[in-house]
Amino acid sequence: MLWLAVAMGAAIGAPSRFAIERWFIRRKIEGWPYGTFAANQVGALILGVLTGVTVTLSNGDSEGWMLVTALVGTGFCGALTTFSGWASQILELTRGIPHWRGAAYGLVSVAVGFALAVGGFVVGAALA
Amino acid sequence: MTPSSTSRWQDADLYLVAAVGGALGASARYAMELLVPPARDGWPTATFVVNLTGAFVLGIVIVLVGRFAPDPESSMATRRVRPFLVTGVLGGYTTFSTYMVEAHGLLDTGQPMMAAAYIFGSLFLGVLFVGLGMAVANRSFRPPLAPSGSLSQADLRRRVDTEDEG
């Protein structure tokens with residue numbers, strides 16, 4: 001049952017990232033993987049909020065809520081965001097000119113992503 | 001069919017294969033999370049292993065797609081390879097959001113050094129593993145070099161084709 005929720009969430013998350021990536025490519029906004037960047041950051045924020053709510057909620061370990069976290073967290077956010085594609089983009093940017101763009105993309109991604117995960121967690125904990 | 005409906009629906013197959021691939025990849029990640037418990041010190045072993053193996057496999061896939069399906073528009077099948085494997089399966093298998101939230105969890109439980117090690121270790125090793133995957137695939141799937149004086153595979157194929165025609 002939880003597995004099905006994970007698969008369903010991912011079946012929405014992965015094509016959503018695909019749509020976001022194509023949106024930027026169609027508008028010729030290139031040179032920096034904005035689409036993957038945006039998908040990763042939005043996912044980090046949503047999962048941060050969800051985690052904040054889950055640890056604060058008195059019934060955060062109930063069966064019903066576990067279904068929600070499987071669907072929205074493990075499934076949707078997990079598939080909306082990508083580590084493998086992100087790492088390959090860092091490598092690709094590093095091989096290009098100027099080389100520092102790879103490091104910049106990687107470090108900005110983790111700095112913003114970490115801030116959004118923490119901020120989301122605080123907001124989620126306050127909401128619950 | 002009107003042009004606008006064509007442009008709206010012509011890529012529906014790509015979204016569908018990304019969805020199926022994403023569901024498969026995420027299921028594999030979920031299985032890993034169930035099978036691999038976090039280390040006693042809190043290190044998120046499952047996500048760490050998932051992300052690095054996914055990066056390694058993506059390196060292999062990038063080389064293979066470049067070699068065997070370089071032109072995405074050459075057929076319906078090659079068109080769907082990237083959205084299915086790269087965006088779907090590997091994108092769904094690996095995760096950035098869990099990586100960030102777990103790093104915050106380590107900080108929250110009073111392990112800032114481990115949080116930093118997790119963030120920068122995953123980043124550095126992830127990029128390294130994509131490169132390793134590409135290097136392994138480049139070595140393993142090198143096109144056979146024709147010894148001088150002998151016929152290459154392409155020459156042989158051309159000869160067979162001409163014989164058929166003749």
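I count a residue as buried if 20 or more other C-beta atoms lie within 10 Å of its own, as exposed if 12 or fewer do, and as partly exposed in between, with C-beta atoms placed from the backbone.

**Entry 1: what I am looking at**

I note that this is a predicted model, in which local features need pLDDT of at least 70 and side-chain atom pairs count only at pLDDT 80 or more, while totals for chains, interfaces and linings use all residues. Residues are numbered from 1 along each chain as its sequence is written, and chains are lettered from A and ligands numbered from 1 in the order in which they are written.

**Entry 2: one residue of chain B**

I looked up Met113(B), which is found in helix H6 (residues 112–140) of chain B; helices here (H or I, at least four residues) and strands (E, at least two) are DSSP runs, numbered from the N terminus. Is Met113(B) buried or exposed? Met113(B) has 9 C-beta neighbours inside 10 Å and therefore counts as exposed. I also checked Met113(B) against Leu35(B), and the two are 78 residues apart in sequence and 26 Å apart in space, taken from C-alpha to C-alpha.

**Entry 3: the two chains in outline**

For chain B I find seven helices and zero strands, and buried residues make up 37% of its 166 residues. Chain A has five helices and zero strands, and buried residues make up 51% of its 128 residues. The C-alpha trace of chain A spans about 50 × 30 × 20 Å along its principal axes.

I then turned to contacts, where two residues are in contact if their C-beta atoms, placed from the backbone, lie within 7 Å. Among contacts in chain A between residues at least 6 apart in sequence, 76% join residues at least 24 apart; in chain B, residues 24 or more positions apart account for 75% of the contacts with a separation of 6 or more.

**Entry 4: helix H1 of chain A**

The 25 residues of H1(A) should span 36 Å, and the end C-alpha atoms of H1(A) are 36 Å apart, which agrees. H1(A) is followed by Lys28(A), whose phi is positive, near 60°.

Next I looked at H1(A) beside H2(A), using axes that are lines fitted to C-alpha atoms, for helices over the stretch in contact, and angles that run from 0 to 180 degrees between N-to-C directions. H1(A) and H2(A) pack at an angle of about 140°, with their axes 7 Å apart. That makes H1(A) oblique to H2(A), since angles under 35 degrees count as roughly parallel, over 145 as roughly antiparallel, 65 to 115 as roughly perpendicular and the rest as oblique. In this contact Arg17(A), Ile20(A), Glu21(A), Trp23(A), Phe24(A) and Ile25(A) of H1(A) meet Tyr34(A), Gly35(A), Thr36(A), Ala38(A) and Ala39(A) of H2(A).

**Entry 5: helices H4 and H5 of chain A**

How are H4(A) and H5(A) oriented to each other? Helix H4 (residues 84–95) and helix H5 (residues 100–127) of chain A pack at an angle of about 150°, with their axes 6 Å apart, and that makes H4(A) roughly antiparallel to H5(A). Among the residues that make the contact are Trp86(A) and Leu93(A) of H4(A), and Arg101(A) and Tyr105(A) of H5(A).

The 28 residues of H5(A) should span 40 Å, and the end C-alpha atoms of H5(A) are 40 Å apart, which agrees. The buried residues of H5(A) include Val110(A), Phe114(A), Leu116(A) and Phe121(A), and the buried residues of this helix pack against H2 and H4 of chain A together with helix H5 (97–108) and H6 of chain B.

**Entry 6: where the chains meet**

I find 38 residues of chain A in contact with 39 residues of chain B. Which element gives the largest share of the side of chain A that touches chain B? The largest share, 10 residues, comes from H1(A). The residues of that side of chain A divide into 22 nonpolar, 15 polar and one charged, where Ala, Val, Leu, Ile, Met, Phe, Trp, Tyr, Cys and Pro count as nonpolar, Asp, Glu, Lys and Arg as charged, and the others, Gly among them, as polar.

Notes. Expected span 1.5 Å × (residues − 1).
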